[in-house]
Amino acid sequence: MSNFHVMDHPLIQHKLTMIRQKDCGTKVFREVVNEISMLMAYEVSRDLPLEDVEVETPLVKTTLKTLAGKKVAIVPILRAGLGMVDGILQLIPAAKVGHVGMYRDHDTLQPVEYFVKLPSDISERQLFVVDPMLATGGSAVAAIDSLIKRGAQPSSIKFCCLVAAPEGVKVLQEAHPDIHIYTASLDECLNQDGYILPGLGDAGDRLFGTK
């Protein structure tokens with residue numbers, strides 16, 4: 001579908017291979033996730049609006065392009081989404097950062113919202129919802145539902161992940177068909193425990209050195 005984008009840039013693919021390896025330590029994993037996120041932000045922000053501005057170079061006055069003031073907010077899904085924030089901020093330092101916390105109920109296996117903190121002008125912002133993994137799609141759908149309930153415009157939301165499973169893509173597209181999904185890889189499938197194959201393991205544990 002036209003709203004699903006796999007970023008096949010050689011640098012992104014090379015760095016993704018680095019962090020897939022099981023012997024990649026926490027320090028390198030964290031640094032490379034940051035680098036991939038920055039590279040992805042370049043593409044995800046491609047359609048930010050521009051406007052003309054008059055500037056004076058050392059030689060002449062001229063009219064050039066600048067960002068048109070469309071404000072950006074990055075919304076990580078806690079906790080693994082935190083690993084993607086700094087890379088995007090390196091390219092868009094004026095962006096604000098919101099947070100949506102989700103955990104999976106052990107009995108129902110459904111995501112449960114436990115924390116939401118967003119910029120007050122969420123309805124006016126371009127939102128980049130970030131989470132390294134799009135596995136079952138449940139957390140992504142719940143997080144986006146939470147944003148829309150609080151005034152976010154669906155047309156202003158983009159979902160960004162490092163690795164996606166076909167099952168999760170299908171769930172997110174069915175729930176929010178107009179929202180664009182950006183990933184560095186569409187992997188094969190989910191295993192019986194809901195992990196992406198070949199995947200990269202538990203992104204939160206690998207980012208923060210937990211088990």
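Visitor: In which loop is Gly-201 found?

Guide: This is a predicted model in which local features need pLDDT of at least 70, side-chain atom pairs count only at pLDDT 80 or more, and totals for chains, interfaces and linings use all residues. Residues are numbered from 1 along each chain as its sequence is written, and side-chain values use heavy atoms, with hydrogens and water left out. Helices (H or I, at least four residues) and strands (E, at least two) are DSSP runs numbered from the N terminus. On that basis, Gly-201 is found in the loop between strand 13 (196–197) and helix 6 (203–208).

Visitor: Is Gly-201 buried, partly exposed or exposed?

Guide: Buried means under 20% relative accessible area, exposed over 50%, and partly exposed in between (1.4 Å probe, protein chains only). Because its relative accessible area is 37%, Gly-201 is partly exposed.

Visitor: Which residues is Asp-202 in contact with, leaving aside its neighbours within four places in sequence?

Guide: Asp-202 also has its place in the loop between strand 13 and helix 6. Contact means heavy atoms within 4.5 Å. With those neighbours left aside, the residues in contact with Asp-202 are Arg-79 and Tyr-195.

Visitor: Which residues form the aromatic pair that is tilted?

Guide: Rings of Phe, Tyr and Trp (its six-membered ring) pair if their centres lie within 6.5 Å; planes under 30 degrees apart count as stacked, over 60 as edge-to-face and the rest as tilted. The structure holds one aromatic pair. Its rings are 6.2 Å apart centre to centre, with 40 degrees between the planes, and the residues are Tyr-103 and Tyr-114.
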